[in-house]
Amino acid sequence: MAITKIHAIKATVHKAVDYICDPAKTDESILISSFGCSPETAAYDFKFALSKTSQADTNKAFHLIQSFMPSEVSYKEAHQIGVELADKLLEGKYSYIVSTHIDKGHVHNHIIFCAADNVNHEKYHDCKKSYYHIRHLNDELCSEHQLSVISPSDNRGRKYKEWLADKNSSSWKTKLKNDIDEAIQTADTYEDFLDLIRAKGYEIKGETFGENDLKYISFRPLDRERFARGSVKSLGAEYTRERIKERIEAKALEQSQKRVPFPRKAKPIIKDYSSKKLIDTSEEKFTQSPGLKHWADIQNLKIAAASYSGAGSIAELEKQLAAKSALAKTARNSLVETEHQLKNLGQILKYAEQYKANHIYHVRYQKSKDQDAYLRRHETELLLHDGAENMLKRFGIDLKNLDVEKLRSDYNALYSKKETLQNTYKSAEKEINALNRKLDNLKQYLDRDSQDHQTSDRKAERNQNTL
């Protein structure tokens with residue numbers, strides 16, 4: 001992508017030419033091309049062409065700047081594009097010099113061309129129509145060189161505009177209801193439901209059922225200012241606090257009828273063995289020591305019992321694991337989406353601050369009597385301003401109502417949301433690891449117990465045959 005800027009030179013053509021042809025800026029003059037003149041004699045060549053025109057305006061030349069996005073194009077290719085632009089625009093009629101500057105960290109071309117053509121001795125007419133023609137030619141060249149192009153359509157800045165529209169539109173309530181429905185289908189308990197909704201990026205208040213608690217449960221995305229009540233009027237009868245809990249309990253009741261729970265241990269386990277792993281009693285030291293084997297069997301029994309504690313069955317453990325996995329997946333997806341939004345908004349905030357800091361130079365440049373001299377003094381600030389302005393327009397930002405503080409507030413809200421989702425995701429992953437360990441312990445213990453019984457049966461059978 002390249003952006004263009006043009007202004008007239010009314011005096012000191014030689015100074016402008018000397019500036020753009022500075023060897024230190026143009027890789028020792030390698031990145032300089034010309035047509036109908038030379039850098040050393042351009043002022044005289046232009047003066048001769050101007051002397052042949054009868055038009056009386058004071059414009060002696062025009063200075064066109066073509067700036068490229070960082071890292072999108074090499075210096076050599078940028079220079080080639082600059083020459084192609086000069087050829088297409090001036091059609092071989094006007095003398096010009098093209099130079100590519102490499103000293104600022106941002107690739108850009110300078111094109112100075114005579115205000116009078118060498119063929120018809122007519123002056124170049126600088127107006128909105130001619131400037132749009134330059135932009136059109138510039139975009140065509142960018143497309144030909146497979147560079148990004150500024151699109152004038154309403155789809156510019158689609159990602160941020162979509163996020164902003166979602167944030168400000170009432171349609172977010174529809175998304176909220178969809179998220180509530182999905183969480184109800186996944187959750188086993190009302191508490192699981194609350195965890196899932198928070199993982200989706202919502203803040204909740206009024207979720208408890210005490211007498212002195214709030215009348216309604218309310219939900220708010222962390223990047224919005226207001227909550228939506230879970231009331232009949234706001235979200236509908238199916239989304240009140242009481243009805244949400246009823247829907248979860250009705251679903252859980254249907255599922256519980258299919259369960260065959262293990263009997264719970266009457267005696268509570270004092271020491272928590274659930275974080276331990278089963279001992280492998282197949283090692284030689286256990287086979288050679290019945291006492292050590294007996295001790296290991298007791299430890300494994302305690303570990304298995306601890307794994308059963310709080311679950312009641314393998315099916316229940318698997319169900320808890322599925323619920324926590326769904327919570328982790330939801331939190332992870334929300335986290336990835338939020339990180340993308342942060343990246344886009346962070347870029348917008350950067351360009352907004354860059355635009356605001358350099359806008360005063362743009363204003364002074366417009367009012368300057370000698371714009372070319374002002375450009376030479378403040379080229380970096382003006383290029384930064386123009387680049388930031390262009391990028392903000394690509395993102396669909398209204399520059400007239402640009403509010404940097406509001407953008408920063410939005411960014412901070414998104415960052416807080418990211419931190420909340422990170423904590424939820426890490427907590428869910430930790431619980432998933434613990435549940436997986438319990439489940440593995442139980443399955444291994446039951447498998448070993450089954451193998452021990454089979455071994456005992458085979459020994460008994462052999463003894464019976466011997467008798």
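**Helix packing**

Modeller: Helix 3 (residues 75-90) packs against helix 4 at an angle of about 135 degrees, with the two axes 10 Å apart. Axes here are lines fitted to C-alpha atoms, for helices over the stretch in contact, with angles from 0 to 180 degrees between N-to-C directions, and helices are DSSP runs (H or I, at least four residues) numbered from the N terminus. This is a predicted model, in which local features need pLDDT of at least 70 and side-chain atom pairs count only at pLDDT 80 or more, while totals for chains, interfaces and linings use all residues. Residues are numbered from 1 along each chain as its sequence is written, and side-chain values use heavy atoms, leaving out hydrogens and water.

Biologist: Which residues meet between helix 3 and helix 4?

Modeller: From helix 3 come Ile 81, Glu 84, Leu 85, Lys 88 and Leu 89, and they meet His 133, Ile 134, Leu 137, Asn 138 and Leu 141 of helix 4, where contact means heavy atoms within 4.5 Å. That contact has six nonpolar, two polar and two charged residues, with Ala, Val, Leu, Ile, Met, Phe, Trp, Tyr, Cys and Pro counted as nonpolar, Asp, Glu, Lys and Arg as charged, and the others, Gly among them, as polar.

Biologist: Switching to helix 11, how does it cross helix 7?

Modeller: The axes of helix 7 (residues 190-199) and helix 11 (residues 314-367) come within 8 Å and cross at roughly 20 degrees, so helix 7 and helix 11 are roughly parallel. On the helix 7 side, Asp 195, Leu 196 and Ala 199 make the contact, and on the helix 11 side the residues are Lys 324, Ala 326, Leu 327, Thr 330, Ala 331 and Ser 334. By class, these are five nonpolar, two polar and two charged residues, and the crossing is right-handed.

Biologist: And what about helix 11 with helix 13, left-handed or right-handed?

Modeller: That crossing is left-handed; the axes of helix 11 and helix 13 come within 7 Å and cross at roughly 130 degrees, so this pair is oblique.

Biologist: Which residues are involved there?

Modeller: Helix 11 contributes residues including Gln 347, Tyr 351, Tyr 355, His 359 and Tyr 365, while those of helix 13 include Glu 381, Leu 384, His 385, Ala 388 and Leu 392. The whole contact has eleven nonpolar, six polar and three charged residues.

Technical notes:
Helix = DSSP H or I, 4+ residues; strand = E, 2+ residues; numbered from the N terminus. Parallel < 35°, antiparallel > 145°, perpendicular 65-115°, else oblique. Left-handed = near helix turned anticlockwise from the far one by under 90°.
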